[in-house]
Amino acid sequence: MKRAWVGGVAACLLAVSCAGVAAQQERKRERRQEERLEELARKLARRQAQAGATPEHRFLHARAAAILERARQTRDDAYVFDRLVRAADDLLEASEELFEARQPEPPPTEAEQRETALDLQRCYFRVRQADYFAEMSREPEAGLYVQHARSLYQQARSAYDGRQYRRAGKLGEAAEEIVSALEKLAQAAVRIPEPPKLE
């Protein structure tokens with residue numbers, strides 16, 4: 001009888017200990033989420049404060065702000081929260097690439113031309129994926145994401161033709177970041193997508 005009582009007490013203590021650990025882990029997760037949201041809110045504020053924002057910047061900032069607000073509402077779903085904050089971060093990175101694309105262009109070199117050409121080839125294929133992710137994402141403004149990604153790629157190609165390789169690379173990276181954001185929004189909407197069929 002005594003053994004059974006001791007065993008019951010031990011089981012209760014173990015259960016209380018496990019519940020305490022679980023509660024502590026949950027508080028830690030919530031704290032990390034809040035820190036991530038605050039970090040991205042500061043990043044957004046810095047981007048918005050930069051002078052000379054273009055319509056593309058304004059689109060990226062508005063969408064990042066809206067996505068961050070959605071992330072705040074979905075903190076109970078760690079997966080969706082993670083996908084949303086990463087999408088917002090991608091949009092803010094795209095904004096930074098656009099600001100950096102304005103910096104003075106160094107004299108072009110053959111090595112830089114080759115590297116930029118390879119980067120833009122990768123960018124081209126990434127931008128081609130935008131329609132697929134846009135459809136999966138179910139975002140009301142998905143078409144605008146695609147439109148901006150394509151426009152930035154075209155600007156990158158024009159800069160490349162003008163031997164502005166640094167600018168071309170930055171514009172291409174911005175286009176890729178937008179597609180990456182769309183991909184994460186698609187992942188948030190559809191956890192296990194159906195593999196597309198070749199037609």
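The structure is a predicted model, in which local features need pLDDT of at least 70 and side-chain atom pairs count only at pLDDT 80 or more, while totals for chains, interfaces and linings use all residues. Residues are numbered from 1 along each chain as its sequence is written, and side-chain values use heavy atoms, with hydrogens and water left out.

The protein has seven helices and zero strands, where helices (H or I, at least four residues) and strands (E, at least two) are DSSP runs numbered from the N terminus. Read along the sequence, this gives the pattern α-α-α-α-α-α-α. Of the 199 residues, 38% count as buried. Here buried means under 20% relative accessible area, exposed means over 50%, and partly exposed lies in between, with a 1.4 Å probe and protein chains only. The areas themselves come from the Shrake-Rupley method, and for residues only the protein chains shown count as cover.

Charged side chains come next. With a salt bridge taken as a side-chain nitrogen of Lys or Arg within 4 Å of a carboxyl oxygen of Asp or Glu, the count comes to 22 salt bridges. One of these joins E93 to K43, with the closest N and O atoms 2.5 Å apart. What is the relative accessible area of each partner? K43 has 10% and is therefore buried, whereas E93 has 25% and so is partly exposed. Both residues also belong to a network of salt bridges that links R36, E39, K43, R47, D89, E93 and E96.

In one, the side chains of E176 and R122 meet at 3.0 Å, N to O. E176 lies in helix α7 (residues 165–189) and R122 in helix α4 (residues 110–128), and 54 residues separate these distant parts of the chain. E176 counts as buried because its relative accessibility is 15%, while R122, at 45%, counts as partly exposed. In the other, R126 pairs with E183, the closest N and O atoms being 2.5 Å apart. R126 is in helix α4 and E183 in helix α7, so the link again spans distant parts of the chain, 57 residues apart. R126 is buried, with a relative accessible area of 17%, and E183 is partly exposed at 21%.

Some charges gather on the surface instead. R27, K28, R31 and R32 form a patch of positive charge there. Patches are made of residues with over 30% relative accessible area and no salt bridge, where like charges are joined within 9 Å and nonpolar side chains (Val, Leu, Ile, Met, Phe, Trp, Tyr) within 5 Å. Lys and Arg count as positive and Asp and Glu as negative, with His and the chain ends not counted. The place of a charge is taken as NZ of Lys, CZ of Arg, CG of Asp or CD of Glu.

Rings of Phe, Tyr and Trp (its six-membered ring) pair if their centres lie within 6.5 Å; planes under 30 degrees apart count as stacked, over 60 as edge-to-face and the rest as tilted. The count comes to five aromatic pairs. Among them, Y132 and F133 form a tilted pair, 5.5 Å centre to centre with 55 degrees between the planes. Y132 is partly exposed at 31% relative accessibility, and F133 is buried at 8%. Y160 and Y165 also form a tilted pair, 5.3 Å centre to centre with 55 degrees between the planes. Y160 is buried at 16%, as is Y165 at 3%. Y124, F125 and Y153 form one aromatic cluster.

Finally, the loops hold some details of the backbone. Most residues other than glycine have a negative phi. R138, in the loop between α5 (130–137) and α6 (142–161), has a positive phi of about 60 degrees although it is not a glycine. R138 is exposed, with a relative accessible area of 63%. R163, in the loop between α6 and α7, likewise has a positive phi, of about 65 degrees, and is partly exposed at 45%.

Conventions
Areas by Shrake-Rupley, 256 points an atom, 1.4 Å probe, with all protein chains shown as cover.
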